[in-house]
Protein chains: 2
Amino acid sequence: MSGYPARSALRLRAKWLPLKHSARTGSLARIDIHTERSIHLFVPRTKSNSQARERLLDTADRLFYREGIRAVGIDRIIAEAGVAKMTLYAHFASKDALILAALARREEVVLEFFRSAMEKHRKRAKSSLLAFFAALKDLLGSAEFRGCAFANALIELADPSHPGPAFVRGYKRRFAKFLRGLIEESIGKEAAAKVAPAVAMLVEGALVTSAIHGPQNVADVARDASLVLIRGAQPTASH
Amino acid sequence: MSGYPARSALRLRAKWLPLKHSARTGSLARIDIHTERSIHLFVPRTKSNSQARERLLDTADRLFYREGIRAVGIDRIIAEAGVAKMTLYAHFASKDALILAALARREEVVLEFFRSAMEKHRKRAKSSLLAFFAALKDLLGSAEFRGCAFANALIELADPSHPGPAFVRGYKRRFAKFLRGLIEESIGKEAAAKVAPAVAMLVEGALVTSAIHGPQNVADVARDASLVLIRGAQPTASH
DNA sequence: ATAAAAAGACAGACCTGTCTGTTTACATTC
DNA sequence: GAATGTAAACAGACAGGTCTGTCTTTTTAT
């Protein structure tokens, strides 16, 4: 749980890690590391071809979010994923590596959630931004919601040597950029630059407030306040 | 052995703090609470007169906030507080009880911080609300700042049986009420009720954003956005 | 004299990560 | 198509450390 970088033994295994694949998937060619071909084969496969790896990431992400990263042990994860302990350590060098991978995976999941939820709302919503707030409302109202997983991870991984917080900062930058893009659709680049930080702060506050008090009215308050701010920054609008 | 002095202390304290392990010590002989002396000795001590208790609360609060509640063990706390382990368990029934007491103490500290910082800024600020945002800026800029201790505790204490989250919700309600009072000073009760939730959300977002990215501009953005919202809700102001 | 606090051993549970076997599934070869 | 080789995954014991909470003995302060 501490002390980066990993020990040499772990790093050695990490070198071999990409070669491993599920014997159950049946769709993979056998790999011989002595051939040139194997090099080309395993490189693209490293990411996702193992079912065990997927189950581990899925389970870890879910448990980490629901109960807390520190509160969930390796044994819980492998039990619920139905995987042997050695399989976990074959795919991830340490619990910390698993945490990082789970965070990266969650970013994809969150992005996909917003993409699909916004598309669902896009027909009735008057703008992408309003579709976003409708999607946010869905998110806050979901039964499992427990705040922003990334902000939570930042708090839980307080050890300054842990790479988690750096990842979280990167994610938040990417998310803020995404949000700014939606505002730009409505009021243009220049005006959006002025209000985007405040809107991002409202969204951030909505996530926390909903984690504390529940979803009641939270998304609507954030949306309405954002619209007021955006209207005030509109180049054509008066004041 | 005659006496069991330590145990009699525990038994007496059980009157104030519900002791989890009281079942084990239940077979103790009654203490002679009848003598004037014993009453006089322990009564004023129990509540707040103990230096050890204060040091424990102070140390626990500081370490919990800086490194996380789960990351800091009892041994660290007693070592840095310079007290024996039994002294801790004489004053607090469990680590959870210590956590709760530290949270309650932090509420007092936070309140006192805002009171004094706002007083400091009150001379130059045009309103209590602006003094509040100046104080908030001080808070976010402090070297030790690591987000809202209560929100962090809520996340760390994910176990639904833990009393921490309920305390946090109460604190947040009290804080929101305090903030609403400041807004009422500016625009009256009715208008304040409309914007207070959004302003509280901005403040909440400012706390998180600063924990993630640092204090750069954060308090100012929250303040300016709040002023825009408040101006928009002003009963006399038109648009 | 007496109670509080210190000091530190201890139990029992839990944690991460390692190790050793065994089973399973698939590719190759007969 | 059956036998065989091979590597992934399973199963579980284990080491060494941490955690909370309890207990006993010694010291300190009044």
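Modeller: Helices (H or I, at least four residues) and strands (E, at least two) are runs assigned by DSSP, numbered from the N terminus. This is a predicted model, in which local features need pLDDT of at least 70 and side-chain atom pairs count only at pLDDT 80 or more, while totals for chains, interfaces and linings use all residues. Residues are numbered from 1 along each chain as its sequence is written, and chains are lettered from A and ligands numbered from 1 in the order in which they are written.

Biologist: How many helices and strands does chain A have?

Modeller: From the N terminus on, the elements of chain A run α-α-α-α-α-α-α-α-α-α. The count for chain A is 10 helices and zero strands.

Biologist: What share of the residues of chain A is buried?

Modeller: A residue is buried if 20 or more other C-beta atoms lie within 10 Å of its own, exposed if 12 or fewer, and partly exposed in between, with C-beta atoms placed from the backbone. Of the 239 residues of chain A, the buried share is 35%.

Biologist: Which element of chain B gives the largest share of the side that touches chain A?

Modeller: Two residues are in contact if their C-beta atoms, placed from the backbone, lie within 7 Å. The contact takes 32 residues from chain B and 32 residues from chain A. On the side of chain B, two or more residues come from each of helix 8 (149–156), helix 9 (164–213) and helix 10 (218–233). The largest share, 15 residues, comes from helix 9 of chain B.

Biologist: Do the copies meet through the same surface or a different one, and why?

Modeller: 100% of the interface residues of chain B are also interface residues in chain A. The copies therefore meet through the same surface.

Biologist: How is helix 9 of chain A set against helix 9 of chain B: parallel or perpendicular?

Modeller: Axes are lines fitted to C-alpha atoms, for helices over the stretch in contact, and angles run from 0 to 180 degrees between N-to-C directions. Angles under 35 degrees count as roughly parallel, over 145 as roughly antiparallel, 65 to 115 as roughly perpendicular and the rest as oblique. These two helices pack at an angle of about 85 degrees, with their axes 7 Å apart. That makes helix 9 of chain A, relative to helix 9 of chain B, roughly perpendicular.

Biologist: Where is Asn217(A) found?

Modeller: Phi of Asn217(A) is near 70 degrees, a positive value in a residue other than glycine. With 14 C-beta neighbours inside 10 Å, Asn217(A) counts as partly exposed. Its place is the loop between helix 9 and helix 10 of chain A.

Biologist: Which residues are exposed on the face of helix 4 of chain B turned away from its buried side?

Modeller: In helix 4 (residues 74–81) of chain B, Ile77(B), Ile78(B) and Ala81(B) are buried. These residues cover an arc (that of the directions from the helix axis to the C-beta atoms) of only 90 degrees, which puts them on the same side of helix 4 of chain B. They pack against helix 3 (51–67) and helix 5 (85–91) of chain B. The face turned away carries the exposed residues Asp75(B) and Ala79(B).
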